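This report walks through one structure, topic by topic. Please keep the sequence and the 3D view at hand while reading.

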Amino acid sequence: MAAGARLVVLGKQGAGKGTQCLSLSHHYVVTHVSTGDMLREAVKQGTPLGRKAKELMDRGELLGDDLIMEMVSTRLAESDTKDRGFILDGCPRTVDQARMLTDWLAPFDLDLVIDIEVPTSQVLRRLASRRVCVDCGANYSLTARPMIGWTCDVCGGEVVQREDDTEEAISRRLEIYELQTAPLIDWYQARGQLAQVSGTGSPEAVTKRIVRAIEDTRNRKGGRFS
Ligand code: AMP
């Protein structure tokens with residue numbers, strides 16, 4: 001089994017983060033922690049967090065840093081992520097969240113932050129076509145449909161368009177990405193923790209590029225992560 005790792009995956013909405021995180025979680029046998037999936041589950045369950053989150057999520061706005069980091073740190077304190085690591089998807093999304101995450105992880109740190117780069121014209125096309133399973137979050141598209149109707153191949157759940165994949169919410173999310181999340185690229189670069197990987201081409205080709213970047217980093221660190 002590949003050794004574990006503590007990873008963050010960054011990228012615009014539609015860059016393929018969800019698909020890549022799933023492949024990486026299988027490859028490294030570490031838990032995929034997606035803040036978007038956790039929040040969508042809270043909305044579905046109708047919890048107080050879900051009720052608070054729904055309106056902001058539908059508009060494409062971000063939730064508060066403290067609230068997100070409380071949710072994430074509670075999840076990262078569980079034994080699976082403590083033992084083997086994690087792949088964090090959708091968090092951090094602001095420099096303040098990144099600072100809070102670094103403080104929380106101390107004395108350890110992230111092993112690597114991967115930025116998946118895809119041109120905006122391409123993510124817009126992908127988002128318009130994206131469909132997801134309401135139960136397990138598996139990703140599909142108008143051109144890569146489930147085998148039977150709109151029923152998830154993985155769990156049999158219903159496959160639908162995300163409520164925040166409207167034209168208005170998509171453009172707001174991309175605007176927020178540029179304003180609040182893109183500065184994280186320089187922030188992690190300055191700390192020597194960033195690898196930038198092209199997200200164009202087949203999902204398998206992108207996974208190979210990411211695994212190579214992770215293993216190159218591990219080798220540079222003498223074959224071991226923290
Ligand atoms: P995602 O599935 O990652 O695109 O997240 C869906 C929505 O959940 C976002 O548009 C935000 O409203 C909210 N969200 C997810 N992660 C975060 C985060 N780290 N900080 C603030 N809001 C978040």
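## Terms and basis

A residue counts as buried under 20% relative accessible area, as exposed over 50%, and as partly exposed in between, with a 1.4 Å probe and protein chains only. Accessible areas come from the Shrake-Rupley method with a 1.4 Å probe, and for residues only the protein chains shown count as cover.

The model is predicted, so local features need pLDDT of at least 70 and side-chain atom pairs count only at pLDDT 80 or more, while totals for chains, interfaces and linings use all residues. Residues are numbered from 1 along each chain as its sequence is written, and side-chain values use heavy atoms, with hydrogens and water left out.

## The ligand and its shell

Which residues come nearest to the ligand? Of the 16 residues around the ligand, these are T35, R40, E61, G90 and Q97; a residue is near a molecule if one of its heavy atoms lies within 4 Å of it. By class, the shell holds six nonpolar, four polar and six charged residues. Here Ala, Val, Leu, Ile, Met, Phe, Trp, Tyr, Cys and Pro count as nonpolar, Asp, Glu, Lys and Arg as charged, and the others, Gly among them, as polar. Helix α2, residues 35–45, gives the most to this shell, with four residues. Helices (H or I, at least four residues) and strands (E, at least two) are DSSP runs, numbered from the N terminus.

Polar contacts are pairs of N or O atoms within 3.5 Å; within protein, one atom must be able to donate a hydrogen and the other to accept it, and residues adjacent in sequence count only if both atoms are side-chain atoms. An N or O atom in the side chain of T35 is 2.8 Å from a nitrogen atom of the ligand. For R40, a polar side-chain atom lies 2.9 Å from an oxygen atom of the ligand, and for R162 the distance from a polar side-chain atom to an oxygen atom of the ligand is 3.1 Å. On its own the ligand has 480 Å² of accessible area, and the protein covers 96% of that.

## Cavity and pocket

Rolling a probe the size of a water molecule over the atoms shows where empty space is left. On a 1 Å grid over the protein atoms alone, a cavity is a set of points where a 1.4 Å probe fits but cannot get out, and a pocket is an open set with protein on both sides within 12 Å along at least five of seven lines; lining residues have an atom within 4 Å of a point. Grid points are joined across faces, edges and corners, and a volume is the space filled by probe spheres set on the points.

How many cavities of 30 Å³ or more does a search of the whole structure find? The search finds one. The largest cavity has a volume of about 70 Å³, and its lining includes V9, L10, G90, C91, P92 and Y177. Strand β1 (5–10) and helix α8 (167–181) each supply at least two lining residues. The lining of the largest cavity divides into five nonpolar, four polar and two charged residues.

The second largest pocket holds about 160 Å³ of space. R6, L76, T81, K82, F86, W104, L105 and F108 line this pocket, with at least two residues each from α5 (79–84) and α6 (95–105). Five of the lining residues are nonpolar, one is polar and two are charged.

## Backbone features

Most residues other than glycine have a negative phi, and most peptide bonds are trans. The bond from C91 to P92 is cis, with omega near 0 degrees, and P92 sits in the loop between β3 (85–89) and α6. A106 and P107 are also joined by a cis peptide bond, with omega about 10 degrees; P107 is in the loop between α6 and β4 (112–117).

V29, a residue other than glycine, has a positive phi near 50 degrees. V29 lies in the loop between α1 (17–28) and β2 (31–34) and is partly exposed, at 39% relative accessible area.

## Buried and exposed positions

F225 is in the segment after α10 (203–220). Is F225 buried or exposed? With a relative accessible area of 10%, F225 is buried. S79, in helix α5, is exposed at 53%. F225 and S79 are 146 residues apart in sequence and 18 Å apart in space, C-alpha to C-alpha.

I185 lies in helix α9, residues 183–190, and counts as buried at 15% relative accessibility.
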